[in-house]
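Here is a protein model to read strand by strand. Take a look at it, then work through the questions.

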Amino acid sequence: MEQKVHTFNKPKVELHVHLDATIRPETILYFAKKKQMEIPGGECMDGLLEKVVCKTPGNLTEFLSKFNIYMPAVAGDREAVKRIAYEFVETKANEGVIYVEVRYNPHLFANFKVDPIPWGQKEGDLTPEEVVKLVNEGLKEGERDFNIKVKSILCCLRHMPSWSPEIAELCKKYHNNTVVAIDLAGDERLKSETSPEHMWAFEEAARCGVHRTVHAGEAGPPSVVKEAVELLKAERIGHGYHTLQDPVLYKHLLDMNMHFEMCPWSSYITGACDPDFTKHPLIKLKADKANYSLSTDGPLPFGTTLENDYRIAATSMGFNEDDFMRININAAQSCFLPESEKQELLSKVYNAYGLTVI
């Protein structure tokens, strides 16, 4: 897979990327050694990547299984959590990103006051709230060192509705202290959008002015997208590829100017879309002048970079520099920054593109 073809070298905005899917392999190996823990293929970089990276189309469940391989090495470790956040910012700065929203579920890094304790860990003393504090520290230090603005989104998980009320409370407590939104992620086939815990979490977020995005229409049908918008009051849709299967819903969301967080290589690996990129939903979104952006989703298990997603759009979907500028202006306009900071970001993007109006 070629990843060194430069397609768009101007500043970028990325809205859909998971922190626990962006961990550097060398960081995983370091903490596995620190914990004296054996992980599959983990004796060397190549062996670890062989086990962790999805190379051919499969499904979302297969992708999610990759986290079982490497998360035990970093979960429950304060040094690891902060370092992962800091290194994430450095990686994005190196990719030419000037603003990014990174999402994660803090319970998956914790080992105390979380039930069940994830990844087969023994009980320790790292709570979900302290995970948020550590991530905040890492992100803020990265902002300072790499001249990039970063905010975070806390994820509820479809298969763990009991965690969602705490996620909502953490979103409220750390609102605009890096945290700008709540998300719902995980296997859409569980049909858990209407669980009381998820519903309460999103209602509480909306009541308190916390923004909302939902993974929908990736593995699931258009009805999941409809529920995300109508029941969870989603302001953005993560992926949303299958929305196009319901023309009435699609037109309604176009009329709403709903933002779609698109991740081309991710959609290929998870089997969410036709493996022929020339038939990707992105092409119709572009033709319809929809509101959407490009992101990597999970760089580590997908073996991708932001540049690779741009390359795919350029070589297989007919995107040109004007299209890429529009994508990033869309992202800046649809980001979850407070309004004054959003206007500053938009000005920065317009100036970098040499534009006053587009």
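**A sheet and its loops**

Q: How many bridges join β3 to strand β4 (residues 179–185)?
A: Strands here are DSSP runs of E with at least two residues, and helices are runs of H or I with at least four, numbered from the N terminus. Two strands pair if DSSP finds at least two bridges between them. β3 and β4 run parallel, and the number of bridges joining them is 6.

Q: What kind of model is this, and what pLDDT do side-chain atom pairs need?
A: Residues are numbered from 1 along each chain as its sequence is written, and side-chain values use heavy atoms, leaving out hydrogens and water. The model is predicted; totals for chains, interfaces and linings use all residues, local features need pLDDT of at least 70, and side-chain atom pairs count only at pLDDT 80 or more.

Q: Which residue of β4 is the bridge partner of L157?
A: Look along the pair β3 and β4, which run parallel. In β4, the partner of L157 is A185.

Q: Through which helix does the chain cross from β3 to β4, and what is the hand of the crossover?
A: Point the strands away from you. A crossover is right-handed if the path from the first strand over the helix to the second then runs clockwise. The chain goes from β3 to β4 through helix α7 (residues 164–173), and this β-α-β crossover is right-handed.

Q: How many residues of strand β3 (residues 149–157) are buried?
A: Buried means under 20% relative accessible area, exposed over 50%, and partly exposed in between, with a 1.4 Å probe and protein chains only. Strand β3 is mostly covered. The count of buried residues is 8 of its 9.

Q: Why is one side of β1 (12–18) and of β8 (291–294) left without a neighbour in the sheet?
A: The open sheet has 8 strands in the order β1-β2-β3-β4-β5-β6-β7-β8, with parallel pairing. β1 and β8 stand at its edges, so each has a single partner strand.

Q: Is N147 buried or exposed?
A: N147 lies in the loop between α6 and β3. Its phi is positive, about 55 degrees, although N147 is not a glycine. Most residues other than glycine have a negative phi. With a relative accessible area of 64%, N147 is exposed.

Q: Is D297 buried or exposed?
A: D297 lies in the loop between β8 and α13 (299–302). D297 also has a positive phi, about 75 degrees, and is not a glycine. At 3% relative accessibility, D297 is buried.
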